[in-house]
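Dear colleague,

Please find below the structure that I am handing over to you. My notes on it follow directly after.

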Amino acid sequence: MKQYSTKIIIVLFSILAFSCSKDELEPVTPVDNGNPIRYTLEVPFGFPQPYLPNDNPLTVEGIALGRKLFFDPILSGDGTQACADCHDPARAFVDSTLQFSIGIDGNPGNRNSMPLFNMAWNIQNNFFWDGRTTGLEAQALQPVTNPIEMHNTWINAVAALQATSTYPPLFEEAFKTTTVDSLLVGKALAQFERTLVSSNSKFDQYLRGETALAPSELNGFSLFMDENGGDCFHCHGSASNPLWTDNIFHNNGLDATFTDLGLGGVTGDANDNGKFKTPSLRNLSFTAPYMHDGRFATLDEVIDHYSQGLQSSSTIDPLMKTVGQGGVQLTPPEKADLKAFLLTLDDYDFITNTSYQAP
Amino acid sequence: MKITKTTKMKTLLNATAALLIFGTLLTSCTKNKGCTDPAATNFDVEATKDDGSCLYAEVTTENTTASITFNFTHHFNGVPVTVSNFNQFNYVTANNDTISISKLRYLVSGVTLNTADGSEVAMGGYNLVDVTNGTGLSYTIGQAEFGAYANMEFNFGFDTTANAASYADLNSTSWDVPMMMGGGYHGMQFEGMYKMNGNDSVFAYHHIVTKRPTMMDPFEANHIEVNLPGIALNEANVVVEIKMNIAEWFQTPNTWDLNTYHSSLMGNYTAQTMMQANGFNAFTVGVISQKQ
């Protein structure tokens, strides 16, 4: 009994000692649990802060997965067409010189393939020529199921990815789940697209003081910035906003009547009819043809449009101030200078960047 | 085991000892816990470890500063204007031009409250009022001490000093002005259409904060120093309605002829000078609400 009592005392002491000291324990430090590695998007000289959604942080693994998906035809209905087939990195991610891209069934679309760069700086966060989606993640989902594009269903696309031996581990690395779903595909594609940064054109180098511009290029820039000249800056940015787009929607006088309502078809507001997103002027040498419907094959035709070809309509943008005279009436030498300036926005490093090619 | 009187006694002793030790340990374990904050009402001088039990007397200090917010509203000679009224030929200017509005945004900066004895409370900062997109319509400016202020002021656009700085948020929204026009930023982008001989024609009434008569002349400041009535601040939250009468841009003191001045106005010295003069009259104070 004595031994028994002694044991009770020891046990009680131990319990009390433990309960007394447990408050003093240091919190357990979380161990590295294999989380994906955060990727920091560098902000180029003169660029504003990017828009990066909190629910889809950039990670090394997420970007790599998005890149693989972007170049893989597995997402299309018949396994023949990848995102990259209509968004070629060698052409600043537009299609070939086609006016309209051809889907897997051989059918053409009705809008010109948009280039992909500096997507993280589209701070308005509306995508497509008509702004019909909000967020790059949502945008990335649409071409897969569009019947005149990749013509698939997400059930099929997800099943195809899930059935491979390669993709589930990559989803595990990027999102900590081997279960593929369309939202994660959209997130991965969006991550890759946000890393597509064009910021090393000749004009960028000029802004950084690394090179000089030729007189014709400088004169073209002056015309671009001159309200009595080209007056391009109100929609296409400036040296202070070297994205060269305002990322919003304008009717730039293409037509007197509309066959494509553009933003108006999305909002249902007749005041938005004929408005399309301002495209960036970077990389124009690679992105022909031009306008939402690819109606202009050359840059000369574009400049001629703004100079002499403006059409008035009920929603014409007031910034098309010379619409009454048909345009800004540039002379042939002025047009040549303006074009020379625009070509300084070509970024050859962008189209050859190895990080943007097929993995 | 046979239980004897002696063993009963030993058992009792052992049990007593166990309880004593248990009690001692329990006491030693808890007696040093308590509130360790001398500022608390239940501060325990013997406590060596804070157990989160501290209680504090409610501190009541009299608030003597007001947080000031400007709410911007817009009208055309008394007819309210919001984005829902845009793109309609609803308005007739002093020059009898019928207009519609498709874009209206402007920059307010440097809000200042002045006292009767000449001292001022400069709030700093800026706000882009974007009627088209419904942003910046409410602008929380800052804090000022309770009391009577003889007048309120703000700059429409930036003054010369502020205009020399770079603002990434404004750059990214195409608010900047080409260097050949003095650089810096717009004061206002006001666009729409007017009826010209029955036809729709566009206008782009863009105010900028620099101007010069000719390319050979130095730039002159063209921001508008808007002067508003005084205010007595006596509650913690003060909301001031700032009303812009859009019609004033076309009427006082300069009757604006859109057939002459409709676009390419940024580099037009005469147009910019008339804008500056008319803009002085565009703002009034509406409802002021003050709450604790």
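Please bear in mind throughout that the model is predicted.

In chain A, the axes of helix 2 (residues 60-70) and helix 7 (residues 182-194) come within 7 Å and cross at roughly 100°. Helix 2 and helix 7 of chain A are therefore roughly perpendicular to each other. On the side of helix 2, the contact is made by Gly62(A), Ile63(A), Leu65(A), Gly66(A), Arg67(A), Leu69(A) and Phe70(A). Helix 7 contributes residues including Val185(A), Leu189(A) and Phe192(A).

The buried residues of helix 4 (residues 136-145) are Leu136(A), Glu137(A), Gln139(A), Ala140(A), Pro143(A) and Val144(A). Because they cover an arc of only 165° around the axis, they lie on the same side of helix 4 of chain A.

As for the overall arrangement, the domain assignment divides chain A into domain 1 (60-197) and domain 2 (202-350). Their C-alpha centres lie 27 Å apart. The contact takes 19 residues from domain 1 and 23 residues from domain 2. On the side of domain 1 that touches domain 2, the residues divide into 7 nonpolar, 8 polar and 4 charged.

With kind regards

Note on methods
Residues numbered from 1 in each chain as written. Chains lettered and ligands numbered in written order. Predicted model: local features only at pLDDT ≥ 70, side-chain atom pairs only at ≥ 80, totals over all residues. Domains from an automatic or database assignment. Contact = placed C-beta atoms within 7 Å. Nonpolar A, V, L, I, M, F, W, Y, C, P; charged D, E, K, R; others polar. Axes fitted to C-alpha atoms, helices over the stretch in contact; angles between N-to-C directions. Helix = DSSP H or I, 4+ residues; strand = E, 2+ residues; numbered from the N terminus. Parallel < 35°, antiparallel > 145°, perpendicular 65-115°, else oblique. Buried ≥ 20, exposed ≤ 12 C-beta atoms within 10 Å, placed from the backbone. Arc of directions from axis to C-beta.
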